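Student: Hi, could you walk me through this structure? I'd like to begin with how it divides up.

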Amino acid sequence: MILQTHLAQEPLLNVKNLTVAFKGRQGAAPVLNDISFVVYAGETLCLVGESGCGKSMTALAIMRLIPEPGEITQGSIELSGQNLAQFSINDVRKIRGNKISMIFQEPMTALNPVYTVGDQISEPLRLHQGLTKSEARTRTIEILKSVEIPVPEQRIDEFPHQLSGGMRQRVMIAMAMACNPDVLIADEPTTALDVTVQAQIFDLLREQQQRGTAIILITHDMGAVSEMSDRVVVMYGGRVVEEGLTTEILDKPAHPYTQGLIACLPELDPNPTFDRPDLPEIPGVVPSVWERGESCPFADRCDRVMAKCREAFPPSFQTGLTQKVACWLFEGQV
Amino acid sequence: MNNTDHSTPLLSVKNLKVHFKGKRSGWGKPAAIVHAVDGVSFDVKRGRTLAIVGESGSGKTTTALSVMRLVAITSGSVHFNGVDLTHLEGEALRHQRRNLQLVFQDPYSSLNPRQRAGDIVLTPLVLLGVGTPEEQKEKVKELFRLVGLREDQQMLFPHQFSGGQRQRLNVARALATDPELIVCDEPVSALDIAIRAQVLNLLRRIQRERNQSFLFISHDMAVVEYICDDICVMYLGQIVEQATREAFFSRPLHPYSVALMSAVPTVSGGRKKAANRIKLIGDPPSPINPPKGCRFAGRCPAMKPKCELEAPLLREVIPGHKVACHFVTVENNQVKAPLDERFLLSI
């Protein structure tokens, strides 16, 4: 069903060959290397990978928020046909918080502690939609109600420190959704929260998606992927290593890294056994940007590494209907 | 008077209460009292792992810290190895801490950034006077090997390690004095999933090889199921359910335990699990004025009028399985729990 709608559709957001590099004394460090993926209207796409894989950097690149001295050196980010990578900073401001908005990982540091919740949510409304102060206030109360904040009339005048972690993240979502953006980027929105609150936040995101907003959810938890997403993009070492429909990826993950990510998650088993085998682990750590050459960045941690892996990064091979994997194991097999 | 009898528990906590003074509500008015831990009893058995599970604010970390005597105990007792830790002071307490060590949640802020890795692990040996300098050096080497670090990494500083390696360093430091009990306060929640598996496997291996006892604090039911032998579920300063791993995970009885389990997203569960999830609304109430009835009543999906009036006591419904809920009943040896049917759907 999802597939059919996708084939008929033009992508809403089209990231093509995106490369982001940080210039340093040792030369340019590519944190993102030739990233391509698309987001269709109204779907949830998960970007998966460990810290240091470039997930957050991809999000920042789309928002044009890459910190100095990093810059987009190659590629394009097309939102409904317009290339955001070429936009001037003034043009980007018209898009940010309006067409694309973002929720950050740590709600306490992402909210301004000296402005009330109401001020912060009504800012994009007044800026992008030109509402008056009183119109914006009425609308803000409606938005707070829609993210299930109790007594919004009172909460609107409170400061972030007066709210709990879950409530702050709701305010972040309210702020991001204020102008009904086409794309919402959620960068690990629940890592700082309890599991019970995480479930509440996921429900809210699902609701927003059903209202037609496309969501890019960044996570390292395959459980969250299974629950939230229509499609998955797996990233490793600044590259896309596998992508496809969530069902394809979870049923038969092709890339050894994806397989590892799924296997190492302890599953909740209603029939616990007495003997617990060791959890499968992915040995080692993500290589730093300086250690990545032209080879496959996963080569050093991979148990099926071949000589070829250390020579060049593999192209994408189609292994399923929409599943594509960048791994030499699949060369000539498909 | 070292009691090493294997039938007695290693750590025995009885009716522990930790109350903090909060802010004054006004001039001359008495300070509010935060009931962080409010009457908690549990045992940690030798060579086993007891997990304490709960949301933030449930008092699980305060419980762990008070066992170590790192926060002041208001009332109740903590017996370790037959010794009453509750009123120990000075050198006697320091001497006991050799047998009680702690692994913190955040592997970044819990290591001194100016100390070399080898020194970090050596420090507890020096401070607690374990062995001669040569033996200490040998011990540090052995610990590095045990936790999967290389000996030559002793000269590095913490920032040169990854998060998972730093947590290994934390574990090595905790193991240095050969403690009988290690308290782990959310040791893997700050780590990436792939690294989390490495650290969990390490803790299990240490337990197998050294018969190590752990008190493990966590909010993640999937991690707890993997690591624990016994489990306590805490809510707002009190234990609501207590059982062995097998009994608990095959059938959690308290509505809060069921909700916690149902909240964990799993790979196999997908959207079906999300749709059938038992949802908890809002946040836990304030520990300053806890509700007088069941503390969970306000968020419980199976709440009945009695719950708001009368606080349920923790009682043993099946041998070894305790629960604090009015509506878990036993009839003809059949246990009935309020969320039984929904639990099966939601897992």
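Tutor: Happy to! One term to begin with: domain bounds here come from an automatic or database domain assignment. This is a predicted model, where local features need pLDDT of at least 70, side-chain atom pairs count only at pLDDT 80 or more, and totals for chains, interfaces and linings use all residues. Residues are numbered from 1 along each chain as its sequence is written, while chains are lettered from A and ligands numbered from 1 in the order in which they are written.

Student: Got it. What domains does the assignment give for chain A?

Tutor: Domain 1 of chain A takes in 2–99 + 182–265 + 277–286, and domain 2 covers 112–180. Their C-alpha centres are 26 Å apart.

Student: And how many residues of the two domains are in contact?

Tutor: 11 residues of domain 1 of chain A contact 11 residues of domain 2 of chain A. Two residues are in contact if their C-beta atoms, placed from the backbone, lie within 7 Å.

Student: Which helix brings the largest share on the domain 1 side?

Tutor: Helix H9 (residues 195–210) of chain A, with 5 residues. Helices (H or I, at least four residues) and strands (E, at least two) are DSSP runs, numbered from the N terminus. By class, the domain 1 side has 7 nonpolar, 4 polar and no charged residues. For those classes, Ala, Val, Leu, Ile, Met, Phe, Trp, Tyr, Cys and Pro count as nonpolar, Asp, Glu, Lys and Arg as charged, and the others, Gly among them, as polar.

Student: At what angle do H8(A) and H9(A) pack?

Tutor: Helix H8 (residues 165–177) of chain A packs against H9(A) at about 15 degrees, with 10 Å between the axes. Axes are lines fitted to C-alpha atoms, for helices over the stretch in contact, and angles run from 0 to 180 degrees between N-to-C directions. H8(A) and H9(A) are therefore roughly parallel to each other. Angles under 35 degrees count as roughly parallel, over 145 as roughly antiparallel, 65 to 115 as roughly perpendicular and the rest as oblique.

Student: Which residues meet there?

Tutor: From H8(A), A:Gly165, A:Gly166, A:Gln169, A:Arg170, A:Ile173 and A:Met177 meet A:Val197, A:Gln200, A:Ile201, A:Leu204 and A:Gln208 of H9(A). That contact splits into 5 nonpolar, 5 polar and 1 charged.

Student: Switching topic: what is the strand order in the 4-strand sheet of chain A?

Tutor: The order is S2-S1-S4-S5 in an open sheet with antiparallel pairing. Two strands pair if DSSP finds at least two bridges between them. S2 and strand S5 (82–83) of chain A are at the edges with a single partner strand each, so one side of each has no neighbour in the sheet.

Student: How many bridges hold the pairs together?

Tutor: Strand S1 (residues 13–24) of chain A pairs with strand S4 (residues 70–79) of chain A over 8 bridges, and A:Lys16 has A:Ser76 as its partner in S4(A). S1(A) is also joined by 9 bridges to strand S2 (residues 27–39) of chain A, where A:Leu18 is partnered by A:Ile35. A hairpin of 2 residues links S1(A) to S2(A). S4(A) and S5(A) share 2 bridges.

Student: OK, over to chain B. How many of its residues are in contact with chain A?

Tutor: 42 residues of chain B are in contact with 37 residues of chain A. H6(B) gives the most to the chain B side, with 7 residues. That side divides into 19 nonpolar, 11 polar and 12 charged.

Student: And how do H3(B) and H4(B) pack?

Tutor: Helix H3 (residues 117–127) of chain B and helix H4 (residues 133–146) of chain B are at about 130 degrees, with axes 10 Å apart. That angle makes H3(B) oblique to H4(B). Among the residues making the contact are B:Leu122 of H3(B) and B:Leu143 of H4(B).

Student: Last one: what is the order of the 8-strand sheet in chain B?

Tutor: S6-S7-S8-S3-S9-S10-S12-S11, an open sheet with mixed pairing. Strand S6 (100–103) and strand S11 (315–318) of chain B stand at its edges. Inside it, strand S3 (residues 49–53) of chain B and strand S8 (residues 213–218) of chain B pair in the parallel sense over 5 bridges, with B:Phe214 in S8(B) as the bridge partner of B:Thr49.
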